[in-house]
Amino acid sequence: QVQLVESGGGLVRAGGSLRLSCAASGTIFSINTMGWYRQVPGKQRELVAGVTRGGNTNYADSVKGRFTISRDNAKNTVHLQMNNLIPEDTAVYYCNADIRSWNGGRAYWGQGTQVTVSS
């Protein structure tokens, strides 16, 4: 049973920092792209940042220069360092990963972690 478990959300003041982590567990053959998405009530889930197995990254324009995504292929983990947070970053953040396991290859989602930035 493959699952993604997130940690690191919380409440922070504007200008502060948080670090989100996500660990994939289960019988995993390989992981391709890993990423972070976020969603606020009434809006679609949006990509925040992604990283390929080879380390290529991409970011939403709204977080460029403030957020950094990284991964550890040996540990099947992905992290999101969020600096200079602003109230507009408030959302539920979801980890996503393209995983190949006994069930074949598909995208998996974490349960979500709340990030709240106060002004």
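**Figure 1. Arginine R38 is a buried residue of the predicted model.** R38 has a relative accessible area of 7% and is therefore classed as buried, the limit for this class being under 20%. The structure shown is a predicted model. R38 belongs to strand 4, which covers residues 28-39. Its partner in a salt bridge is E46, and the closest N and O atoms of the two residues lie 2.7 Å apart. E46, in contrast, is partly exposed, with a relative accessible area of 37%. Side chains of opposite charge can pair when their charged atoms come close.

**Figure 2. R38 also forms a salt bridge with D89.** The N to O distance between the side chains of R38 and D89 is 3.0 Å. D89 is located in the loop between strand 8 (77-82) and strand 9 (91-101), whereas R38 lies in strand 4, so this pair ties together parts of the chain that are 51 residues apart in sequence. Both R38 and D89 are buried.

**Figure 3. D61 and K64 meet in a salt bridge.** The side chains of D61 and K64 approach to 3.1 Å, taken from N to O. D61 is exposed, and its relative accessible area is 64%. In the whole structure, the search finds 4 salt bridges.

**Figure 4. A disulfide joins C22 and C95.** The sulfur atoms of C22 and C95 are 2.1 Å apart, and the search of the whole structure finds 1 disulfide. The torsion about the S-S bond of this pair is about -80 degrees, so the disulfide is left-handed. C22 is buried, with a relative accessible area of 1%. C95 is likewise buried, at a relative accessible area of 0%. A disulfide is a covalent bond between the sulfur atoms of two cysteines.

**Figure 5. Four strands form an open sheet with the order 1-3-8-7.** The pairing within this sheet of 4 strands is antiparallel. Strand 1 (3-7) and strand 7 (67-72) stand at the edges; each has a single partner strand, so one side of each is left without a neighbour in the sheet. From one strand to the next, the twist averages 15 degrees. Strands of a sheet pair through backbone hydrogen bonds, either parallel or antiparallel.

**Figure 6. Strand 3 is paired with strand 1 and with strand 8.** Strand 1 and strand 3 run antiparallel and are joined by 5 bridges. In this pairing, L4 stands opposite A24 of strand 3. Strand 3 and strand 8 also run antiparallel, and 6 bridges join them. Two positions may be located here: A23 stands opposite T77 in strand 8, and C22 stands opposite V78 in strand 8. C22 is also the cysteine that forms the disulfide with C95.

Conventions:
Residues numbered from 1 in each chain as written. Predicted model: local features only at pLDDT ≥ 70, side-chain atom pairs only at ≥ 80, totals over all residues. Heavy atoms only, no water. Buried < 20%, exposed > 50% of the residue type's maximum accessible area, 1.4 Å probe, protein only. Disulfide = S-S within 2.5 Å. Pairing = 2+ DSSP bridges. Axes fitted to C-alpha atoms, helices over the stretch in contact; angles between N-to-C directions.
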